[in-house]
Amino acid sequence: MTTPADDPSRTLARSAGRHSRARTVTLVLVSTAATGAGLLLPAALGRTLDLLLAGTPATAWVLCCAALVVALALLDALQSVLVGTVDARTTAWLRHRLTGHVLAMGPRAGGRFGAGDLVARLVGNAAQAGTATAARAILLAALAGPVGGIAALALIDPWLAAAFLAGAPVLALLLRAFARDTSRCATDYQREQGRIAAALAEAVDGHRTIAAAGAADRETARILRPLPELSRAGHRMWRVQGRAAAQAVAVAPLLQLGVIAVAGALLARHRLSVGEVLAASRYAVLATGVGLLVAQLAAVARARAATGRLGEVVALPTPAHGTRRLPPGPGRLELRGVTARRGGHVVLDGVDLVVPGGTTLAVVGRSGTGKSVLAALAGRLADPDDGEVLLDGVPLRDLTRDGLRGAVAYAFERPVLLGGTVEDAIGLALTAPSPARVRQAARTAHADDFVIRLPAGYATALADAPRSGGESQRLGLARAFAHGGRLLILDDALSSLDTVTEARITRALAGGDSSATRLLIAHRAATAARADAVAWLDGGRVRAVGRHAELWGDPAYREALTGTTADPAPPAAGTRS
């Protein structure tokens, strides 16, 4: 059970507030000073009026009033600057914190929330949550205004404060209900925004499929399906705010009228001066403080709802890393009793597998047998539910983060290329990538031939480098080759290559200068034939491990690779299939 003390959203809000503590304290002081100046001004105006009516010189008090007006203008301007600064710094800190957490979580973040929803949280919700610190700081001053107004009424005459306090509980209850209802409505509104963003991200990612199926209208309808609920949530939020403002505005004039009526009665009895009646009327307005309180409570409620959505992300744990470093070794990979579950189903069931250092192991099997899950576990992009994975005798979870990532390189079926230029994309994993290393990796991946034909070669911006699916895969392979390390994992990273290029790359892997251990997720018989050994996955277990030529005699193995039990002769390495 989560207590308020360990609620992730509260912890996140406190940490964000500490990031701009000095500016927040300054904002509190400035806003409080502005409130103080606003509280002094009615008294100064009242005193000035009394002096003028009595025919007494009032130059000093007129100057005092002018100084208070100037001070209020300067303090308001400074408050605006501080609010903008605190909001910007807090939002930047939240985005940095959330982005780091999402990247540390790895694929689990997208699986839990979806890419579009994550973007909505990291961009829109973070900006809204970033206003919480300044909104709370100003809220203190907004509350100080009514409290100071009541105190000033009591100083003029206790009956004025009593008249106001007689109806104040009604106003307080209205504001409390408003804050509660607004927070709930804002949460619903932001949730529906996230649903639309998630659906839009899916559609953008699959735009070619949508166009090919002629399903643009249906997809548009699917994306906008939450729109009515979003509209209802938005209307509920504005109705709550409008109703609260209307109720408060209806109550506030009655309170002010009551104060002025009592002040008039006291004036008639000569217990108050005209200037004090003027001051009392202004303090009654300050004591109600409806407009500012409603606005600030609404801002705090929206920020709280947004912080709650960010807290849902932070609440998910990130993988813990150890302190051990890898000893010298050839890159021997071992899976011991590894079990992995996805969506309540067992994908890998007690897998035991050893890949000797410096060798190439191809993993084959039907679709859905857990090949990609095994690849993710082998380099700790995910953790097994049971069992452990070791590299040169050290469990991956015991390694330092830098040690693990420096030892394992990945290439994927659909690589995401990051960086400004092609050279940046290939050298992404390198702290100080050298042009020579980048070009050698590109040559190994057979990407150099098309890169040098780009307008600026390796300096071409990625956005200006049109490429096919196979060329993108070659750049992804080049990135993995440039990374180096003891273990190279190719998760179906050759699927978009023609068989000739694939054969050249796999031969380069086997006969190159690198001594890294290689784990290949393979769907082609020719790819499996060029590996030192093949691990055949079936039903979440390793059915057999051996040379491709040895396994080819099993009809079930042939069917797993080719979809047919025919052709018992194994393809030779380098043969197209």
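**Helix packing and strand pairing**

Mentor: Leu488 has Arg518 as its bridge partner in β8. This is a predicted model, in which local features need pLDDT of at least 70, side-chain atom pairs count only at pLDDT 80 or more, and totals for chains, interfaces and linings use all residues. Residues are numbered from 1 along each chain as its sequence is written, and side-chain values use heavy atoms, with hydrogens and water left out.

Trainee: What makes β7 and β8 paired strands?

Mentor: Pairing requires that DSSP finds at least two bridges between two strands. Four bridges join β7 to β8 (residues 517-521), and the two run parallel, so β7 and β8 count as paired. Another position in this pair is Leu487, which stands opposite Thr517 in β8. Strands here are DSSP runs of E, at least two residues, and helices are runs of H or I, at least four, numbered from the N terminus.

Trainee: Which strand does β6 join, and by how many bridges?

Mentor: Strand β6 (residues 408-412) is joined to β7 by five bridges, running parallel. There, Val408 has Leu487 of β7 as its bridge partner.

Trainee: Why is β7 called largely enclosed?

Mentor: Buried means under 20% relative accessible area, with over 50% exposed and partly exposed in between (1.4 Å probe, protein chains only). Five of the five residues of β7 (residues 487-491) are buried, so the strand is largely enclosed by the rest of the structure. Leu487, Ile489 and Asp491 are buried on one side, and Leu488 and Leu490 on the other, so both faces are covered.

Trainee: What makes a strand an edge strand in the six-stranded sheet?

Mentor: The order in that open sheet is β6-β7-β8-β3-β9-β10, with mixed pairing. Its edge strands are β6 and β10 (541-546), since each pairs on one side only.

Trainee: How do you know how α2 is oriented relative to α6?

Mentor: The axes of α2 (residues 21-53) and α6 (residues 132-156) cross at roughly 25 degrees and come within 9 Å.

Trainee: Which residues of α2 and α6 meet?

Mentor: Contact means heavy atoms within 4.5 Å. Among those meeting are Thr24, Leu27 and Val28 in α2 and Thr133, Ala134 and Ala137 in α6. The residues of this contact divide into nine nonpolar, eight polar and no charged.

Terms used
Axes are lines fitted to C-alpha atoms, for helices over the stretch in contact, and angles run from 0 to 180 degrees between N-to-C directions. Ala, Val, Leu, Ile, Met, Phe, Trp, Tyr, Cys and Pro count as nonpolar, Asp, Glu, Lys and Arg as charged, and the others, Gly among them, as polar.
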